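Hi,

Here is the structure I said I would pass on.

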Amino acid sequence: MVNRTLTIQGASWTNTTIDGGGVGDAMTITADWVNVSGFNVTNSGSTINDAGIEIFSSEHCTLTNMMGWDNYNDIYIRFSSNNTVQSSFVYSSRGISRGIYLLNSNNNNVSRNNASHGMSSINLANSNNNTVWNNTIWNTTYGIGLWNSHGNIIAHNIAYRVNQSGITLSQSTNNTVNNNNCSDNGKGITLSSSSNNNTLENNSVISNTAQGIFLSRSNYTTIYNCSVSDSYWGINIWDSIGNTIEETEVSNCEYNIFVDEDTVTNLINCTLYNATQRDIYLDDNATIHLLNTTFTKTKVQLVDTNSTLTVQWYL
């Protein structure tokens, strides 16, 4: 346990290992202003709060060039603020493991890390105003996930070959998700369970199996200048109101825009083309307002008489 301010430098994570012996944390930090770099932390215990390295109730700590290998949580930040995790690699063969996990922690920076395998890569729960930036995630069950977390910035990350969703927001509001690349996943970006007032901007969402972008019971989302293509559903919006899609290109999907279940959506200056089935599909009392949006009129389908499509052009 590190319970006072220190700088701890290993030779490198390939040469210096801290083994937890299968019990508890391999390393626990409970002091402020601790810097740790150059270690492989491995073999933690198997309960929910066990970790390769844990920062608990501490501020202004920095973890750099670390390896988290085969732990329940590789890097765990709990009840802690203003910390940095950067240039580290987390990997686990444990099916239920979590890579970098923030719980009840605010104003932290997670950047330039690589995460692979395990259950989830970077998770925020009850954590606000954090920055998750320039991380690469692949071959996991879940990519970047926010639960009941608000005001965070998720930017310049790459998520690919994720079984579920590259980026997921659940019960999370007022977050900014921008300049990410989510490709070859089950879903690209998912917002669910009253994830309201979020902004998705400048994201590339390509070749995901199901939805490129999926909004479920999430309102007042802005999707701006995104590129979505080569998924079954390009943008799928279900039971959500007040969402705006602007300056966005959606192409080469089975259904480019699929909207249903009392959903109201605005499309402004968008381009929809080359859908296999439909550029626009509306069902179950759905409403779409199109402003200066290009689409193929023969590839529009309103399934029920309660659905509404309005088209306006301004020069």
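**What I found**

Arg98 is a buried residue, its relative accessible area being 13%. Keep in mind that this is a predicted model. You will find Arg98 in strand E12, which covers residues 98-103. Its side chain makes a polar contact of 2.7 Å with the side chain of Asn73. Apart from neighbours within four places in sequence, Arg98 is in contact with Ile48, Tyr72, Asn73, Asp74, Ser120 and Asn123. Take Asn123 from that list: it sits 25 residues from Arg98 along the chain, with 7.7 Å between the two C-alpha atoms.

**Two serines in loops**

Ser81 is in the loop that runs between strand E9 (73-78) and strand E10 (84-86). Is Ser81 buried or exposed? It counts as buried, because its relative accessibility is 16% and the cut-off for buried is under 20%. The side chain of Ser81 reaches the backbone oxygen of Asn106 at 3.3 Å.

Ser231 is another loop residue, placed between strand E29 (227-229) and strand E30 (233-238). With a relative accessibility of 6%, Ser231 counts as buried too. Its contacts, again leaving out neighbours within four places, include Ser207, Asn208, Ala210, Gln211 and Gly212, as well as Asn252, Cys253 and Glu254.

**Salt bridges**

How many salt bridges does a search of the whole structure find? It finds 2. In one of them, the side chains of Glu54 and Arg78 meet at 2.8 Å, N to O. Glu54 belongs to strand E6 (residues 51-56) and Arg78 to strand E9, so this pair ties together parts that are 24 residues apart in sequence. Both Glu54 and Arg78 are buried.

Arg217 and Asp239 also meet in a salt bridge through their side chains, at 2.8 Å, N to O. Here Arg217 lies in the loop between E27 and E28, while Asp239 lies in the loop between E30 and strand E31 (243-246), so the parts tied together are 22 residues apart in sequence. Arg217 is partly exposed, at 46% relative accessible area, and Asp239 is partly exposed at 24%.

**Aromatic pairs**

Searching the whole structure gives 13 aromatic pairs. One of these is Trp13 with Phe89: the ring centres are 6.4 Å apart and the planes are at 50 degrees, so the pair is tilted. Trp13 is in the loop between strand E1 (7-9) and strand E2 (17-19), and Phe89 is in strand E11 (residues 89-92), so the pair ties together parts 76 residues apart in sequence. The rings of Phe89 and Tyr91 have centres 6.3 Å apart and planes at 50 degrees, so that pair is tilted as well. Trp13, Phe89 and Tyr91 are among the members of a cluster linked by ring pairs, which also takes in Trp69, Trp138 and Tyr160. As for accessibility, Trp13 is partly exposed, with a relative accessible area of 31%.

**A nonpolar patch**

Which residues make the nonpolar surface patch of about 240 Å²? They are Tyr220, Ile241 and Val264. Tyr220 lies in the loop between strand E27 (211-216) and strand E28 (222-224), and with 44% relative accessible area it is partly exposed.

Cheers

Notes
Residues are numbered from 1 along each chain as its sequence is written. This is a predicted model: local features need pLDDT of at least 70, side-chain atom pairs count only at pLDDT 80 or more; totals for chains, interfaces and linings use all residues. Side-chain values use heavy atoms; hydrogens and water are left out. Helices (H or I, at least four residues) and strands (E, at least two) are DSSP runs, numbered from the N terminus. Buried means under 20% relative accessible area, exposed over 50%, partly exposed in between (1.4 Å probe, protein chains only). Contact means heavy atoms within 4.5 Å. A polar contact is a pair of N or O atoms within 3.5 Å; within protein, one must be able to donate a hydrogen and the other to accept it, and residues adjacent in sequence count only if both atoms are side-chain atoms. Patches are made of residues with over 30% relative accessible area and no salt bridge: like charges are joined within 9 Å, nonpolar side chains (Val, Leu, Ile, Met, Phe, Trp, Tyr) within 5 Å. Accessible areas come from the Shrake-Rupley method with a 1.4 Å probe; for residues, only the protein chains shown count as cover. A salt bridge is a side-chain nitrogen of Lys or Arg within 4 Å of a carboxyl oxygen of Asp or Glu. Rings of Phe, Tyr and Trp (its six-membered ring) pair if their centres lie within 6.5 Å; planes under 30 degrees apart count as stacked, over 60 as edge-to-face and the rest as tilted.
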